[in-house]
Amino acid sequence: MSAASAQLNSSPTTTDAATEALPTAEQHGIKEHSDGRFGYVPVQTRSDRFKSVNVTDFAAVTGREAVWKLSPVKKFADLTAGVLDGSVYPIHASDVAGVSVDWVDRADPRIGSAGAPEERASANAWSSFEKALAITISGEEAKEVTVTRAGLGSGARGAHTIIEARPFSRAILILENTGEARLTENVEIILGEAANLTVVSLQEWGDTAVHLTNHFATIGRDARLKHVVVTLGGSIVRVNPSVQLAGIGSDTELFGLYFADADQHLEQQVFVNHIAPNTRSRVTYKGALQGKGARTVWIGDVLIGREAAGTDSYEQNRNLVLTEGTRADSIPNLEIETGDITGAGHASATGRFDDEQLFYLQSRGITEDEARRLVVRGFLSEIVQQIGSPLLEERLQAAVEAELTATKDN
Amino acid sequence: MSVLEIKDLHVSVETDQGTKQILHGVNLTINEGEIHAIMGPNGSGKSTLAYTIAGHPKYTVDSGSILLDGEEVTTMTVDQRARAGLFLAMQYPVEIPGVTVTNFLRTAKTAIDGSAPPIRTWIKDVRESMKQLRMDKSFAERNVNEGFSGGEKKRNEILQLELLKPKFAVLDETDSGLDVDALKIVSEGVNRAKENTGLGLLLITHYTRILRYIKPDFVHVFVDGRIAEQGGPELADRLEDEGYDRFLTESNVG
Ligand SMILES: Nc1ncnc2c1ncn2[C@@H]1O[C@H](COP(=O)(O)OP(=O)(O)OP(=O)(O)O)[C@@H](O)[C@H]1O
Ligand SMILES: [Mg+2]
């Protein structure tokens, strides 16, 4: 790769199951799109986007902005333009040695160290929170901690969370979200040197919940972040992880699993910024869509900066369409500013589960319900297996099953 | 003694141009342990017959019946038919994303038997069958038919035939797209399955070459949606020499 600045902007794939022609005698399983086509598209470098912690620095949201153009912005104007309740809310955290969970005030020096808002809902939250929830992890022994939010209520809220993994610390942190919410928030994840942290953000919200969240992570030298986003419940859920590989030899794996059923909007905009040399990233997001109006958006931006020699990067998104009337957008972008990289690639594919597949499975004695479950379970389990917590893996498999049973009639 | 009876079967399909009648009264009886070959030109309705037996939703049975040991099959769902003992090796096997061959086979076996197979013997059986079909071990962990070559897909069909042990199997052009070596391997698999379980076979083919390896008891010539002539294995040889012209002319006139 010799270009000093190459923009690999693959053509976005949108699969609109309602309008697609179907079926043919042979295959209609997977539409593969892997890159190799190097389109030079003059877009703004991802890291140059305007940032501000101040909500008034952002114009009113129209829905035409790059960050909003695939989101139903009218349905959450309260979060982008309204006054937010920034007060502390009830949480439940398991008591684990080496993990402290406290509310800290806005002067905490960690606030703002991992990132800053790039859009208005994020800035609105930043301007509004009274105290930040700080989860601080220390100690080299392996540990698992769960922080649960269940009672956020139906009023518009803004929140801020700091997750700090001190140097050499190690943990699995599970952020659980259930119940009702209208929430915009920012989560900062700070990994000290050689820290090893897994963050699992689990969105199992109630049916009407709206949740917009930005996860800003900065990874220190030789540190490793595994970040897992699992979104099953909620009306509109938008989780945008943004990871800065700032330390030499830092490493991140970003996984996502989403299951959209009728009228759910599940979105994720992932950004990996390779800043330091010898950094590695893997992004794997998988989603299933089932039911009329099920909608998913995945945008994956990877930027390999001028100093990031020896970068090794790969991102992929796969969607499985189970019924008609759904829409999956999948847009990978790769931007490379150095000629000296180890590897960079991306892939995006949207496959459909259709009548022919159903017939094939049924012709082997498998019932229709079981056939669907088989396909979805198989497809999503690749992500579940990455989590590294047997209990949580089991729970998620069960949650996926429940999702299938609950929505099969849509 | 099992028996599959097809009686005066009329089948149509919905097309963009309206309803199209494809099968015009098919009569056929297959006893356990018998091999029937159906030969006929392109578009004569062979696959339609196969799909109709398996219960593909696109095909409508207008009249007639299919009986498996006296039980009406046409009112059963696709999966019920499979559990009753019917199997279709498809002309174009379908790719199933996200489901490994191992997982698929175990799920199908469990569904058909009504309980999970004993793990030890099952794994052994799967390995053994794969080996005999010259399927590399790596296929077990691949998604069903995904990226398989034409020949590999056909082997995978016969693998299922061997493991699921149906009473009757319809093989729809299992021979097409196979080179000589693969044809032998696949034929051996079919013969093994028959020896082990005594299943009855309906072998749909264009060409006589597979009949060198799988010996039919009866040969039926299928033209224009019905059986135009039937006989013993010698009929296949005659078709090889003469082609279908004789029948086509008749059907065009009639
Ligand atoms: N789903 C369908 N929609 C429209 N027409 C169909 C459909 N299935 C079958 N047909 C038509 O019915 C006729 C019989 O088709 P069928 O596939 O059963 O033939 P076949 O004997 O298996 O042919 P081949 O030797 O090419 O496999 C053909 O004219 C075909 O175009
Ligand atoms: Mg055919």
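Analyst: Buried area is the accessible area that two parts lose on being put together, summed over both. In this predicted model, chain B and chain A bury about 2,400 Å² between them. Carbon and sulfur atoms account for 67% of that area.

Now the residues. On chain B, 35 residues are in contact with 20 residues of chain A. There are 10 residue pairs in polar contact between chain B and chain A, counting pairs with both residues at pLDDT 80 or more. Which elements of chain B give two or more residues to the side that touches chain A? They are α1 (46–54), α2 (78–84), β6 (86–89), α3 (101–113) and α5 (150–164). The largest share comes from α3(B), with six residues. By type, the side of chain B that touches chain A has 21 nonpolar, eight polar and six charged residues.

Next, the charged pairs. Chain B and chain A share two salt bridges. One of them joins the side chains of E356(A) and K58(B), at 3.7 Å from N to O.

Helix α1 of chain B also has a part elsewhere. It gives the shell around ligand 1 its largest share, three residues. K46(B), S47(B) and T48(B) are among the residues that come nearest to ligand 1. In the side chain of K46(B), an N or O atom is 2.8 Å from an oxygen atom of ligand 1. The protein buries 71% of the 630 Å² that ligand 1 exposes when taken alone.

Technical notes. Residues are numbered from 1 along each chain as its sequence is written. Chains are lettered from A and ligands numbered from 1 in the order in which they are written. This is a predicted model: local features need pLDDT of at least 70, side-chain atom pairs count only at pLDDT 80 or more; totals for chains, interfaces and linings use all residues. Side-chain values use heavy atoms; hydrogens and water are left out. Contact means heavy atoms within 4.5 Å. Buried area is the accessible area (1.4 Å probe) that two parts lose on being put together, summed over both. A salt bridge is a side-chain nitrogen of Lys or Arg within 4 Å of a carboxyl oxygen of Asp or Glu. A polar contact is a pair of N or O atoms within 3.5 Å; within protein, one must be able to donate a hydrogen and the other to accept it, and residues adjacent in sequence count only if both atoms are side-chain atoms. Helices (H or I, at least four residues) and strands (E, at least two) are DSSP runs, numbered from the N terminus. Ala, Val, Leu, Ile, Met, Phe, Trp, Tyr, Cys and Pro count as nonpolar, Asp, Glu, Lys and Arg as charged, and the others, Gly among them, as polar. A residue is near a molecule or strand if one of its heavy atoms lies within 4 Å of it. Accessible areas come from the Shrake-Rupley method with a 1.4 Å probe; for residues, only the protein chains shown count as cover.
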